[in-house]
Every structure is written in structure tokens, then in C-alpha cells.
Amino acid sequence: MNPIPLLQEISRRPLCCDGAMGTQLFARGLSSGECGLVWNVSRPDDVGAIHRAYREAGCDLLTTNSFSGSRLALARHGLAERAAELNRAAAQLARAAAGDDGWVLGDVGPCGDFLEPVGEVTQDDLRAAFREQIAALLAGGADAILVETMSDPAEAVVGVEAAKSSSATVPVIVTFAFQKTASGEFRTMMGTDAGEAMRRPIAAGASVVGANCGTELSLEDYVELAKRLVAAAGKTPVIVQPNAGSPHSENGRTVYHAAPEAMAATASRLLSVGVRLIGGCCGTTPEHLAAMSRAVRSGAV
Ligand SMILES: [Zn+2]
């Protein structure tokens, strides 16, 4: 574990998270439809190499390979009973690559269904599934929990509560995926605006809040979104992890084209509007993060 508390360091200087995991797994041969978490056990050297590439790129925080790794999400692959094993292994791999001066974010993604009454998942089932995943991530050495790519603030709040019931002191970071409406507002897929998306997890005890990913946002959009998040979050630090620009479709695949320099310039602008934690989402690579982490370090005050 990193002996320096993450929140203490964020109050001292801005920090850089890592970039996309999924695209790196696909580049190493993960097939679409295959569950990426299995690689934490079946191909740990590949997962570890991806973590090390981000660490060597200057990332202060590494994110575990456990997106959508709750038993509710794993059930679609017939892997519900392996939730604890796969998440613990995910945290151990990130921990080994982070070293004692890096931090590990235990990644908790959406459960993949909607809460009742829109969907069929009950709050109790969701809380139990998140708690199991989070306990395994903490057992494997995670320093903080990242509840990410949220659309529904109710699901995010259950994530915060599950983390707090696993460890009263663990910092919880919550990020939502936003899209831009025709009128220029930012809302999640569930229709939640930036203000409510920040307020509800903060009220539940989240230590850092913000945005990751998003639907067809430009780099300019992320800066505009960041201003609203910082205003809504008040004294709570804000994290933004943009995609590598807005996506394009090529041969039926979604690709992201922003160059590392463009991402670094965006990182500097995000810092200048008050963001304290920067990272990358879809399409970002160790090359992008190397440029972004340099921008974060040079922008540190
Ligand atoms: Zn993304």
C-alpha cells in the first residue's frame, strides 16, 4: 500500500490516473465477447505489462482490470461465482505494478442492468454484489475505489455505500458518463444533469467526483463539462478522464483519433479550470498518458 493517503496528496498537487485498459487487452488478443477479468488469472503477465506501461508513462494511479466485475455483470459470462477471485487478482496485479509510491484504484463499473423499477435489479442485490467486489479489491491492495461510467445516481450512491460499509476510511471516487444535449447541457443517459450527478454521491460520502468517458464529446466539451462539475462539486476535488477525442466509425469499429499532444493540451486546460485528477478513457494509450502526465506535473502548483 502507498503510505501517503491519496486524498492528502490530491490536496497538495494534481495527480494523473492511467488510460484505457480494454483497448490494450484487445490489442493483446482478447476477443470481443470474452470477459477481460479472466485475464487477471489466465494471462496475468499481459495485464501486468499494461499496468507497467502506464506506470512508466508517469501515471500516479493505476486502475484495476475489473470494470463491470461485480457478480451481476460477470453472470453474463457464467462467472458470477468467481467474482471475489477475479477482483482480488485484479488488485494484486495493479498493486505490484504501482509500487509503494503509486496508488491503486479498485475499479467498479456499472452492473449492466437498471435498478428497479426501470430494470430488474434490487438495491439489496446491487449493494451485495458491489460489496463483494469492493471487499475483494481492497483485499488485493486497492488504495481507493473508483465507481465509474455511471448513468444513474442511485446506482452510484449504492456503490459509495457498499465501499463505505466495506471500509469506513477508504476514499471513494465516483464518475459519470455524460452526453451533450441539443441545448448544450450535459446529461447522463438517465437524464441526470451535472449538478445532481455531483451532489448525490458527495452526500453519500464520495471523496472525489467527476466524469469519465461520455458519448461523442469533443475535447472542448470536456473542458466545458469540467467547469460545471467543479462549480457543482464545491470543495470536493474533481476528476475528469476524457476519451481520446470524439469517436469515428471505421470499418464498423469505433476509433478515437486525438493525438497525445492534443490530450496533453486538454489536460492542462482541465487543470486550469480546477480539476485535480486527470486520466484517460476510451482510445487513450500509454503514449497519450505520457504526454498528459507531463502536462499534469508541469501544471502542478
Ligand atoms: Zn470510455
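A residue is called buried when its relative accessible area is under 20%, exposed when over 50%, and partly exposed in between (1.4 Å probe, protein chains only). By this criterion Q24, at 17% relative accessibility, is buried. The model is predicted, so local features need pLDDT of at least 70 and side-chain atom pairs count only at pLDDT 80 or more, whereas totals for chains, interfaces and linings use all residues. Residues are numbered from 1 along each chain as its sequence is written, and side-chain values use heavy atoms, with hydrogens and water left out.

**Strands and buried positions**

- Helices (H or I, at least four residues) and strands (E, at least two) are DSSP runs, numbered from the N terminus.
- Strand β5 (residues 172-176) is largely enclosed by the rest of the structure, because 5 of its 5 residues are buried.
- Strand β4 (residues 144-150) runs parallel to β5 and is joined to it by 4 bridges; two strands pair if DSSP finds at least two bridges between them.
- Within this pairing, M150 is placed opposite F176 of β5.
- A162 belongs to helix α8 (residues 153-166) and is buried, with a relative accessible area of 0%.
- The C-alpha atoms of A162 and S11 are 25 Å apart, and the two residues are separated by 151 residues along the chain.
- Q24 sits in helix α2 (residues 22-27); its C-alpha lies 16 Å from that of H257, a residue 233 positions away in sequence.

**Salt bridges**

- The structure contains 18 salt bridges, each defined as a side-chain nitrogen of Lys or Arg within 4 Å of a carboxyl oxygen of Asp or Glu.
- R55 and D101 form one of them, at 2.9 Å from N to O.
- This pair connects distant parts of the chain, with R55 in helix α4 (residues 44-56) and D101 in the loop between α6 (83-98) and β3, 46 residues apart.
- D101 is exposed, at 54% relative accessibility.
- In helix α7, R127 and D124 are 3 residues apart, about one turn of the helix, and their salt bridge has its closest N and O atoms 3.5 Å apart.
- D124 is exposed, with 57% relative accessibility.
- E224 and R228 meet in a salt bridge of 3.9 Å, N to O; they are about one helical turn apart because 4 residues separate them in helix α10 (residues 219-233).
- Both partners are partly exposed, E224 with a relative accessible area of 28% and R228 at 33%.
- E9, R12, R13 and D60 are joined in a salt-bridge network.

**Surface patches**

- Patches consist of residues with over 30% relative accessible area and no salt bridge, with like charges joined within 9 Å and nonpolar side chains (Val, Leu, Ile, Met, Phe, Trp, Tyr) within 5 Å.
- D113, E116, E120 and D125 make up a negatively charged surface patch; Asp and Glu count as negative and Lys and Arg as positive, while His and the chain ends are not counted.
- The place of a charge is taken as NZ of Lys, CZ of Arg, CG of Asp or CD of Glu.
- D113 lies in the loop between β3 (103-108) and α7 (123-139) and is partly exposed, with a relative accessible area of 33%.
- A nonpolar surface patch comprises F114, V118, M189 and M190, which together have about 390 Å² of accessible area, computed by the Shrake-Rupley method with a 1.4 Å probe, where for residues only the protein chains shown count as cover.
- V118 is located in the loop between β3 and α7 and is exposed, with a relative accessible area of 61%.
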